[in-house]
Amino acid sequence: MTELKQTLLLTLREKRDVALAIFFGFLAGIAGAALMASSGYLISKAALTSQMTILIVMGACLKLFGLVSALSRYAERLFSHRATFTMLSNLRVSFFEKLSPLAPGIFQKYRSGDLLARIVGDVENLQNFLLRVFYPPVVLAIVFISTIFFTSYFSFAIAMVVLVGMLLTIVAVPAIFAWRQRRIDSAVRASRAELSTEATEFLYGFRDLKIYQQLDRKKQDLTTFSERYGEQQRKEGFEENLGQSVNAFVALLASFFVLGLGAYFVAEGQLDGLYLAMLVMISLAVFENVAPMAVFPAHFEENRKAAARLDQVVSEPVQAAGDAELPLNTLDIKLENVSYTYPEEERQAIEGVSLRLAPGSKTAIVGPSGSGKSTLLQLLLNILPADSGTISIGGEPLAALDPEKLWQRMNVVLQENHFFFGTIRSNLLIANEAATDEEMEAALAKVQLGPFSLSSKVNEKGENLSGGEKQRLAIARAILRGESLWLLDEPVSSVDSVTAKAIYRQLFERGKDDTFVIISHDLTGLEQMDQIIVMERGRIVEAGPYEEIMEKQGHFFKLKQIEKSIFA
Amino acid sequence: MVDLKQLAYERKNIMAFLFIASFLKGAAMIGQALFFVWIADGVFLKNASFEEVLPYLYGLFGAILLRVACGYAIGRSGVNLAAEVKMDLRKKLIASFASNPLQASIQGQSGQKVSLLLDAVDELDGYFSKYIPQMVQSYIIPILLLAVIFSQHWVTGVIILITAPFIPVFMALVGIKTKEKADQQMEKLGQFSGTFLDVLQGLTTLKLFNQADRQKQTIQKSSLDFRDATMEVLKSAFLSSLMLEYISMLSMGIIALEIGLRLVVFDSLTFFTAFFVMILVPDFFNMLKDFGSAFHTGKGSTAAANRLSAHLEKETPAVEWGAGTLSNDPPHLLLQDLTFQYGESFKLGPINTEILPYSQFAIIGKSGSGKTTLLHAIAGLLPLSSGAVRVNGISREQIDEKSWFDQLSYISQSPYLFAGTIKENIAIGAGREAADDEIWEAAAKAGIGEMVGSLKHGLDTQIGEAGRGLSGGEKQRIALARAFLKQPSIVLFDEPTTGLDLQTEKILQQSIAELGKQATVITVAHRLHTIKQSDAILILSEGQLAAAGSHNDLLETYAPYGVMLEIQHGGIVQ
């Protein structure tokens with residue numbers, strides 16, 4: 001239950017709605033019981049007398065209780081759902097507050113793209129907490145306790161039967177099944193993950209599997225995994241059904257004992273027979289309400305796991321960061337013998353890299369994919385911490401700087417740049433809130449996006465923009481930032497070479513004295529760079545100005561030859 | 001069309017069992033009410049002793065037991081039904097994935113297909129495990145209850161018959177209104193619900209621009225807007241439950257009044273009958289209520305069923321095979337009017353060309369010109385729309401599938417490595433048990449021996465899904481090692497465009513030359529040296545054969561080829 005403490009606190013923050021929902025839930029339950037009780041009592045009474053008043057009272061009671069029950073149920077649903085959605089909003093905000101300090105480092109650690117979808121799913125999952133986990137037992141307990149009070153007025157023993165029935169149906173049975181659920185749940189999850197992995201392999205590897213004639217074997221495997229998952233689900237279904245049946249059985253059994261005991265007391269003369277039908281009807285009515293408890297174990301377990309997973313994500317230690325500010329003068333960047341290995345990988349992604357980026361210099365980092373270019377940039381941004389060696393900016397060691405202050409001084413374009421649902425304007429304002437429309441339009445013109453209107457719509461993830469447009473928009477954002485240190489990771493890889501050249505020209509003209517670090521696997525247009533760094537397998541294999549390394553006829557020269565020979 | 005109801009009725013045994021169990025459950029419900037009333041009536045009005053009603057208590061216990069047992073059996077059958085239908089559908093889906101020859105060309109949609117196999121099928125669960133059992137019960141039990149009510153007191157039956165039909169009518173009315181509301185709010189709902197994910201996805205960008213804190217308000221605002229939009233829809237949905245409850249309450253009120261009137265004023269009804277009817281009537285309306293909620297669960301499955309239908313109905317012709325066998329020598333290949341068409345949009349061919357044994361054959365053209373599709377068609381991965389690939393004079397369709405693929409290697413830009421050891425990944429090429437020596441030799445020839453040797457576990461090193469942990473060049477070299485182990489007589493090669501390190505580049509060239517000693521090599525070429533050395537070059541343009549011949553032939557006869565080369569020599573557009 002500790003996992004759900006946070007969720008509970010967030011839920012209880014919506015005091016008014018939760019209290020109203022509980023109140024109306026109670027009212028609906030108790031009015032339903034009262035309806036049945038009064039009909040039982042009045043039929044018994046009617047059997048004995050022939051007074052018209054009985055009939056009138058009967059009609060009035062039935063109408064009243066019926067109406068109250070139905071309306072309360074409606075109000076209960078409204079308030080409980082309102083509280084749920086408000087709670088969901090609190091949950092999102094509170095989770096975001098916790099996740100934000102961990103970004104972007106955490107996205108490097110979990111390299112799988114489904115981390116975010118999982119987070120969103122788990123948060124969504126917790127919306128069941130109020131409706132299916134917290135709320136039903138609370139309301140039921142109040143309804144039961146009131147009923148027990150009422151019945152104890154007629155017969156203490158019968159009240160005790162109801163009490164035992166209540167403890168069994170809303171405490172004991174759900175608890176046992178929640179405990180059993182733990183095992184089943186993880187087995188279902190595991191077999192689902194296996195099937196998903198196997199299916200992905202099957203589809204991605206289709207051509208190779210076909211040619212190597214492994215398709216049938218793999219298909220067999222896939223079918224086996226699918227059946228295993230199906231069997232696990234079947235087991236889960238059986239368990240839910242068993243829980244439901246046991247709960248229903250206990251509920252009916254309670255009414256059985258109420259009747260048996262009542263009949264005995266009436267026969268023995270300890271209870272007026274007039275009340276027997278009423279007590280039986282009450283028992284049938286209140287135990288009818290316990291049905292939601294049958295799904296409690298599954299939801300409880302699901303919520304508990306979701307909360308635990310979310311906790312795990314945000315309980316990552318925050319990467320130690322300093323709070324020093326950057327000196328205001330132009331920034332000199334130095335890397336000395338820096339190495340980095342990704343967690344759970346054997347080989348170093350960056351191996352003993354030393355490098356100096358002088359203020360105002362223009363550096364290109366080139367090399368094949370997987371050679372460590374982007375990792376190097378992540379290290380420079382202090383998104384990844386170097387395992388060994390030192391990185392310093394303006395004489396300050398990177399580790400001592402406040403990362404947010406560091407980023408404030410940079411114009412960064414990453415390989416993947418996010419664009420938010422909104423407009424071109426709202427996406428540009430992220431870089432600089434004070435930017436005027438004229439400034440934004442000028443920035444767009446510089447990246448050859450002049451025809452774009454600031455109020456054009458941008459869909460989620462910028463899905464309505466082409467790859468090249470997104471890259472250019474990201475550069476426009478960097479331009480609006482207006483700092484003097486540029487870190488660009490493959491900024492124009494999807495832009496045609498003529499436009500790319502024009503953009504670079506604009507950037508270099510405007511930022512004559514700025515420091516540029518550009519990662520590129522495209523080797524053209526690097527003539528104007530002060531320094532070209534060639535990386536291969538995490539190491540710098542060649543460095544120097546364009547002319548110099550071309551003359552050497554080393555790595556860069558050969559790469560250039562290959563690139564020239566590519567027949568696109 | 002995946003007809004869900006039909007899928008259920010196909011499982012006759014389960015359905016028959018559901019009907020029988022429902023009937024028994026209905027009988028148990030009636031029995032339970034009967035015993036309740038007998039006992040209450042006995043001790044209350046007939047002054048029976050406890051011993052006299054004891055047999056009824058046993059009877060009541062029996063009825064309760066039967067009711068719960070039937071409920072359990074019905075639930076279990078529902079779960080079984082759902083499990084069987086789901087497993088069956090998954091089997092069908094897997095078979096359709098496996099037999100679809102286009103699979104190789106449309107890898108991009110893999111994510112969707114996995115979701116189809118897992119999520120869409122799971123979404124059908126509610127229909128079979130909840131809706132169908134409830135539906136069967138709703139066919140039988142209310143009718144049983146109604147029959148008993150009629151037999152006891154026909155007026156009550158008539159009142160039910162008059163009031164009950166209002167329930168579906170009102171439900172339908174409210175349902176239509178809810179749908180209208182939902183449609184109105186649809187855009188808002190989609191927009192707000194996505195904000196959280198949108199902000200999380202953009203968190204890196206936000207952090208770099210120091211905007212993260214500001215987004216807290218955005219999340220909160222959109223979540224609350226989402227709440228308000230949803231509540232609008234829910235309000236009318238809840239109204240339908242209110243309607244249902246109100247009508248059943250009203251109906252029960254009228255019945256109680258009528259019974260009371262007879263009981264009090266006319267004395268024409270016994271306590272027994274009155275109490276019995278008063279227990280059965282709520283049961284009747286509860287059945288309708290349960291059906292209402294199960295109906296919603298069932299409705300939720302329709303969208304998933306449509307997605308599945310859309311996939312399963314798409315039929316693609318299979319690649320045909322025969323019984324002929326191939327020798328180990330490279331065959332003579334002849335493409336005769338080879339055409340392949342998929343949908344309206346793209347057509348490849350007709351293409352006529354000859355590929356001689358041991359020759360180096362290159363295919364070039366702009367991206368989207370159909371180079372890879374042609375390679376797939378030659379490989380026998382795609383069914384030809386018309387024309388033929390003749391192998392040593394006989395149609396490829398006459399050749400045994402295994403015999404053909406035994407002679408073929410395909411090295412793509414992104415070879416697929418499955419989760420397993422390096423050894424397993426190379427050995428897959430042999431199609432048989434291969435000795436470690438052979439595998440080391442193949443690895444060495446592919447230029448990856450040294451790298452593998454340097455690993456702690458050597459050939460037994462685990463490589464993750466899709467070869468995680470290896471660079472692009474290393475993956476290529478593992479694919480080459482597969483080919484060296486296999487020693488095929490036809491090598492199909494889709495050249496990588498960019499991003500290889502110099503060593504891999506060198507090894508690729510050597511390896512292709514080495515493999516070419518024993519085989520015909522057909523290359524989708526991106527590199528000049530491949531083209532120049534080729535015995536024949538085929539130029540594709542928008543799926544059509546633009547020109548063919550050797551490097552020198554083309555230079556003389558096909559002017560655009562010269563232009564293409566010139567551009568390359570001069571570097572990319574200056």
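The report below turns to chain B as a whole and then to one helix of chain A.

This is a predicted model, in which local features need pLDDT of at least 70 and side-chain atom pairs count only at pLDDT 80 or more, while totals for chains, interfaces and linings use all residues. Residues are numbered from 1 along each chain as its sequence is written, and chains are lettered from A and ligands numbered from 1 in the order in which they are written.

Chain B holds 21 helices and 12 strands, counted as DSSP runs (helices H or I, at least four residues; strands E, at least two) numbered from the N terminus. Because its radius of gyration is 36 Å, well over the 25 Å that the globule rule gives for 574 residues, chain B is more spread out than a compact globule; the radius is taken over C-alpha atoms, and the rule is 2.2 Å times the number of residues to the power 0.38. Along the principal axes, the C-alpha atoms of chain B fill a box of roughly 115 × 60 × 55 Å.

| Domain of chain B | Residues |
|---|---|
| Domain 1 | 4-313 |
| Domain 2 | 319-406 + 490-574 |
| Domain 3 | 408-487 |

Taken over C-alpha atoms, the centres of domain 1 and domain 2 of chain B are separated by 59 Å.

Helix 10 of chain A (residues 276-288) has 13 residues and reaches 18 Å from its first C-alpha to its last, close to the 18 Å expected at 1.5 Å a residue, where the expected span is 1.5 Å times one less than the number of residues.

Terms used: Domain bounds come from an automatic or database domain assignment.
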